[in-house]
Amino acid sequence: MAARIGIVGVGMVGSAAGYALALMGVAGEIVLVDRSPALAQAQAEDISHAVPFASATRVVAGDYDALAGADLVILAAGVSQKPGETRIALLSRNAEVFAEVIGAVRRVAPDAILLIATNPVDIMTDIATRLSGLPPSRVIGSGTILDSARFRTLLGQHLHLSPQSIHGYVLGEHGDSEVLAWSSAQAGSVPIRAAAAQMGAAITDEVVARIDAGVRRAAYRIIEGKGATWYGIGAGLARIARAILRDEQAVLSVSILTPEVVGVKGATLSLPRAVGRAGVTADLLPDLDDVEADALRRSAQMLADLAAEVKL
Ligand SMILES: NC(=O)C1=CN([C@@H]2O[C@H](COP(=O)(O)OP(=O)(O)OC[C@H]3O[C@@H](n4cnc5c(N)ncnc54)[C@H](O)[C@@H]3O)[C@@H](O)[C@H]2O)C=CC1
Ligand SMILES: CC(=O)C(=O)O
């Protein structure tokens, strides 16, 4: 039977995910739910007009009851950052939104995998895991999927290679403490620094600093310029959804509650992980140098401490 995806919160991010999913054609039906039914209705109508160019997906608006039987529900409800605001500053407001939304989704779609986009996405994934009672493997935050895409884009531009031929991951928090795993990045099958040297485009300290800021500060820059980010994450959410619904076992950097990593217990954070129909089925932590391992430890500890402060 064709897959059914729900999206709760269809502002910029939820609607961009719906649009990307409709173009990709991975679902038979996409159901849009929002606190504003008029917005959900308008987004469904607009996105459905893109469908004839790409797929046969049915795109409809509905209330929570319309999510019954969903295989996957994407959560993008809540407030977003104002210029200069951190993701973590959104926590208390979005925790209140999840207190209402997660129970409503679970009541009608108990078998759905939850895919979280709302920021701060790692802590919101931790909250969704606890509120839902689902196993962590079935409550997946988009985490650093977007940061890894930004890393691959900038490395691809530096080397004049397709970002699809760059393999590199951002680990830890989707946020200020994230860790770019330079030491394991590759172009094709060649370690990134060796590839860069072969291609006459050495990765100097200046290049590292520029790409690091390009990734870490991307959201701040884009929000300054247009108020929010949505295309990158919309495509990232659709990519994760495709991996789940087609049981791809694709390696993607996503966030789940993790029993232990680099000595830190109980942090919800991103690592490259295998993603398929059962959710996350394996972790693939790359080899890290000492600087990267220390940075990941700090990021993980910060996330574990912050999540522990959230009382539900
Ligand atoms: N994980 C990531 O990489 C990214 C995450 N985000 C986050 O995604 C979230 C959404 O961002 P935008 O779409 O730009 O915001 P938006 O304001 O455009 O949309 C949010 C939507 O949530 C709805 N909503 C709020 N409370 C609700 C409730 N209780 N029940 C149902 N719907 C509710 C609103 O009506 C609105 O339509 C933010 O937290 C933002 O920071 C944004 C970009 C990237
Ligand atoms: C807003 C956000 O989290 C991002 O674009 O990375």
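How far is an oxygen atom of ligand 2 from an N or O atom in the side chain of arginine 150? The separation is 2.8 Å, a polar contact (a pair of N or O atoms within 3.5 Å). The model is predicted, with local features requiring pLDDT of at least 70 and side-chain atom pairs pLDDT 80 or more, while totals for chains, interfaces and linings use all residues. Residues are numbered from 1 along each chain as its sequence is written, chains are lettered from A and ligands numbered from 1 in the order written, and side-chain values use heavy atoms, without hydrogens and water.

Oxygen atoms of ligand 2 also lie 2.7 Å from a side-chain N or O atom of arginine 87 and 2.7 Å from a polar side-chain atom of threonine 229. Taken alone, ligand 2 exposes 220 Å², of which the protein buries 91% (Shrake-Rupley method, 1.4 Å probe). The residues around ligand 2 (a heavy atom within 4 Å) include Gln81, Asn119 and His174. By class, this shell holds two nonpolar, four polar and two charged residues, with Gly counted among the polar ones.

Around ligand 1 there are 27 residues, of which Met12, Val13, Asp34, Val79 and Ala117 come nearest. Backbone atoms make contacts here: a polar one of valine 13 is 2.8 Å from an oxygen atom of ligand 1, and a polar one of alanine 117 is 2.9 Å from a nitrogen atom of the ligand. Taken alone, ligand 1 exposes 860 Å², and the protein buries 89% of that. Helix H3 (91-108), a DSSP run of H or I with at least four residues, supplies the largest share of the shell around ligand 1, four residues.

Definitions and conventions. A polar contact is a pair of N or O atoms within 3.5 Å; within protein, one must be able to donate a hydrogen and the other to accept it, and residues adjacent in sequence count only if both atoms are side-chain atoms. Helices (H or I, at least four residues) and strands (E, at least two) are DSSP runs, numbered from the N terminus.
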